[in-house]
Amino acid sequence: VKPAFDLALRMGDNALILAQRNAAWCGHAPALEEDIALANVALDLIGQAKLWLGYAGELEGEGRSADDLAFLRDGREFRNVLLVETPNGDFGQTTMRQWLYDSWHHFMLEGLKASSDERIVEIAEKSAKEVAYHLERSTDLVIRLGDGTDESHKRMQDALDYLWPFARELDVADDADRAIAAAGIGPDLASVAEKALAYRSEALSQATLTAPTDAVPRKGGKAGVHSEAFGFMLAEMQVLQRTHPGVKW
Amino acid sequence: VKPAFDLALRMGDNALILAQRNAAWCGHAPALEEDIALANVALDLIGQAKLWLGYAGELEGEGRSADDLAFLRDGREFRNVLLVETPNGDFGQTTMRQWLYDSWHHFMLEGLKASSDERIVEIAEKSAKEVAYHLERSTDLVIRLGDGTDESHKRMQDALDYLWPFARELDVADDADRAIAAAGIGPDLASVAEKALAYRSEALSQATLTAPTDAVPRKGGKAGVHSEAFGFMLAEMQVLQRTHPGVKW
Amino acid sequence: DPQERAFQERIDANIKIEPKEWMPEGYRKTLIRQISQHAHSEIVGQLPEGNWITRAPTLDRKAILLAKVQDEAGHGLYLYCAAETLGVTRDQLTEQLLSGKAKYSSIFNYPTLTWADIGAIGWLVDGAAIMNQVPLQRCSYGPYSRAMIRVCKEESFHQRQGYDIMMVLSKGSEEQRAMAQDALNRWWWPSLMMFGPSDAESVHSAQSMAWGIKQDSNDDLRQKFVDQTVPQAEYLGLKVPDDDIVWNEAKNDGKGGYDFGEVNWDEFFDVLAGNGPCNAERLGARVKAWEDGAWFRDGLMAHADKQAARKIAA
Amino acid sequence: DPQERAFQERIDANIKIEPKEWMPEGYRKTLIRQISQHAHSEIVGQLPEGNWITRAPTLDRKAILLAKVQDEAGHGLYLYCAAETLGVTRDQLTEQLLSGKAKYSSIFNYPTLTWADIGAIGWLVDGAAIMNQVPLQRCSYGPYSRAMIRVCKEESFHQRQGYDIMMVLSKGSEEQRAMAQDALNRWWWPSLMMFGPSDAESVHSAQSMAWGIKQDSNDDLRQKFVDQTVPQAEYLGLKVPDDDIVWNEAKNDGKGGYDFGEVNWDEFFDVLAGNGPCNAERLGARVKAWEDGAWFRDGLMAHADKQAARKIAA
């Protein structure tokens, strides 16, 4: 049970926190079409978070619902990678963050379709359909903005330089990741990383962008050691549940 | 009791919220000396908030402490004016907000020294000593920045244009203000406004700044109708008390 | 003018006017003003509700609210398209919004202070909007009429979701009930203002009615809204903040209806003039989004140009 | 060199060196580096704790924390003044900090994740700082020595406040106790790193000791810190995250002391190299404060110039 729980919690927290960050753009994006598209992505991710966290709660067996896990855990108990909690920055940084996650998420879900756990296969299959579209959209934007004006190129390159070390946390397996792979619950992260990297290289070359080569991974999120910004984000997200404990909404 | 309670709550909330805004500058001010000075002002205001809210709690008689009032009320129950909750903006806007409040606060406290309520007289006297220094500092800064470079002048004028309508909420008496004055608990707000305006005119002329003449008051805070930014501010301020109800810190 | 007469005959015969057909300049201008104002309202209307997306109390509520605000952006999008059929561009209309020349619905200049406001907006503001918009489905201008059919379908869904929030809150804890009542207190009168001043004082009403752009009088719609909403409030166990509300058998041609108090039109015109609680913040947020996004739009454009040039070169 | 010999004799005789006296270039440079590094640490050190001021759980805790962070700014200020007596300006030192050329204490590159971290920083980080700084009160350079006397007085106050937070938490709810233990787990090893690598590997140690800038070896201070802190942790009912900790009668010349595990120096050098969890954010925050504040400093300067000109004209 433990590896399946860990996997579901990590996938759920990543989806939830990325959705939460993206949702903050609502009404503030640079074009109406982007406002709508980004909301779509956030909606998909909230839906996925519900499935993953719901399943994690079942596996845990202590009666916690997806909402309980989302709104009543402290920061140290969240297991999302730091990448998805990085601040929105400009729309380029938000786009780059989404793309780095999508291009891992896609191959991760492919791997999870072969999980030994049927429920995980189900959730992965449902999510993969949505994520295929996310990846298509973000790849397209990264290419167009990278190969756009000098300014858009510079902003995307800056975002890539800043976020790349964070993306590497997805690739570095810890004990829980190894247990997940060993139990056949999820894929070997190195194989996912390889596919993601190949995919990214191709897109970056079209985008005329260059990934840093010597980036030390910025990690901690998987162990619940988050950024300082994360606490503020959670305080905002959880305020109603914390202020009015135990009521219906 | 009601007018004294209202007065203490309003004074306490103004002090608390302005302190909270100022405290967010800590470590981020444009010069070390300003970092220290602004922290001093915030410290004084926190101390005053404790006195006012402590007294408000006593008057209410329901056993609420200053901390209970600060950390366990919802946004609609706060009685501070909108001015003190306006976002920090740049350091010029923060300075202007402080000055507009100081230049009212000073004369308000002078008036409160003549209160029929001894405790209010005590708190006002203690506060007035601190506020005399606040006003001296902020007036000095407004003059120097207004009559500084073109850019510092422009920033201070923009801040003045933006904040002046908010400052007017301090001057517009509502039913509670009238009851406070009628009971001899506090001064007539019109007389405070007159003194503040005269003081400000003198300083603004030295600062080469011009107050808007036709500003419609931006009000609501005294009735608990705050800005949208206020909810986010409270969520942050109250997060620990809300997350861990009933424990000691 | 025979052209104008033929035009009016088509309208009177309930035949839709389509983009490429002849129409009087006044008709075109009135439509552009009305449709773009409506589009702007959808765009600005994202902000008060968007303010609570990151704080929605459950995952379901978060998703519903996000989808709703997304719908509003969508409505804005197809209303701008409808306006474009009349010979203006979306950029021109955006410029009018951001410069303050064009108006948007004043209701969005009020702040959302608690979660109950999200319920109240769905219930009351969308409720009033639907009341205004249902007749517009029969508008004489084809593209607008078709846009409104789509809009109305989604709005009624939004209204139900808003009422559902109010229902849960008013059945909830004491604090939640108080929150719901407080939201009703603050949103009731601004919602009544959404129908506009009494027709006697409304400048464009008569001509708009003749042109089939407007179907009902402001006062009639307001009455209908009150009659619909008062029982809903009662069902929630909440009190509408108007002591003059009383059932009047004689109203509505003897079918009965509610008497209600006088709307504070000074407040209405004050907010319209820019002195509402959030006017500066709402427009400021849209201006910031537009300016901050310039590099993004330029980047996409430059890429499209490069691609086109490459295709020609190839 | 007789000048140098006379200098060394004064030092050996415990006579303070004052700003205008002759001193070897190396002494001056070492002091500038050390004092400015210390000043930078105070300035950057505002950030991790400042991160919790707006979220402090009571008004008293908020005031205490704000006052503490303010003290750090004050320490920075008088340390910069001490450095200025050696012939550099504060702006030069600031430039070195912001460009990344000058270092600050690596401990401040760790994030404060819970309220307990504020307690742990006061208890452990200030505790280690005091251990490092107490001997510096006897430093051979007068202005530095005097600055450190002031600093140490306030730091010991800060440490008591930090320990008090830990005490309340460790006697509090289950969540609070867990929070306290978690903070100890994360801050313990970085605190041990604050004494620097073992003296054998420390580049400047021997000369600094001869010059009376440094009094004790890094390892001795680290041992002293462990011996002081382990019983404090026990008193709190918390477990120091090091299984190798065991009382050893033979240590400290037979007075006894704690054995403890090996510090992970790879992590230390990694954080020092810029790869800690918050290096980019800490320096970024200071750069932003400096750049955003340029107009402010320029404005004050321009006003001062105008005033001076007016005085001359009058």
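N279(D) sits in helix 12 of chain D, which spans residues 279-292. Helices here are DSSP runs of H or I with at least four residues, numbered from the N terminus. The model is predicted, so local features need pLDDT of at least 70 and side-chain atom pairs pLDDT 80 or more, while totals for chains, interfaces and linings use all residues. Residues are numbered from 1 along each chain as its sequence is written, chains are lettered from A in the order written, and side-chain values use heavy atoms, without hydrogens and water.

N279(D) counts as buried because its relative accessibility is 10%; buried means under 20% relative accessible area, with a 1.4 Å probe and protein chains only. Its side chain reaches the backbone nitrogen of G276(D) at 2.7 Å. Leaving aside neighbours within four places in sequence, N279(D) is in contact (heavy atoms within 4.5 Å) with Y104(D), N109(D), V271(D) and G274(D).

Now turn to chains C and A. Here 47 residues of chain C are in contact with 47 residues of chain A. The area buried between them is about 4,000 Å², and carbon and sulfur atoms give 68% of it. Buried area is the accessible area (1.4 Å probe) that two parts lose on being put together, summed over both. On the chain C side, L59(C), W295(C) and F296(C) lose the most area to chain A, together 21% of what that side buries.

Charges also meet here. The two chains share 4 salt bridges, each a side-chain nitrogen of Lys or Arg within 4 Å of a carboxyl oxygen of Asp or Glu. R90(C) pairs with E33(A) in a salt bridge, the closest N and O atoms being 2.4 Å apart.

Notes. Helices (H or I, at least four residues) and strands (E, at least two) are DSSP runs, numbered from the N terminus. Buried means under 20% relative accessible area, exposed over 50%, partly exposed in between (1.4 Å probe, protein chains only). A polar contact is a pair of N or O atoms within 3.5 Å; within protein, one must be able to donate a hydrogen and the other to accept it, and residues adjacent in sequence count only if both atoms are side-chain atoms.
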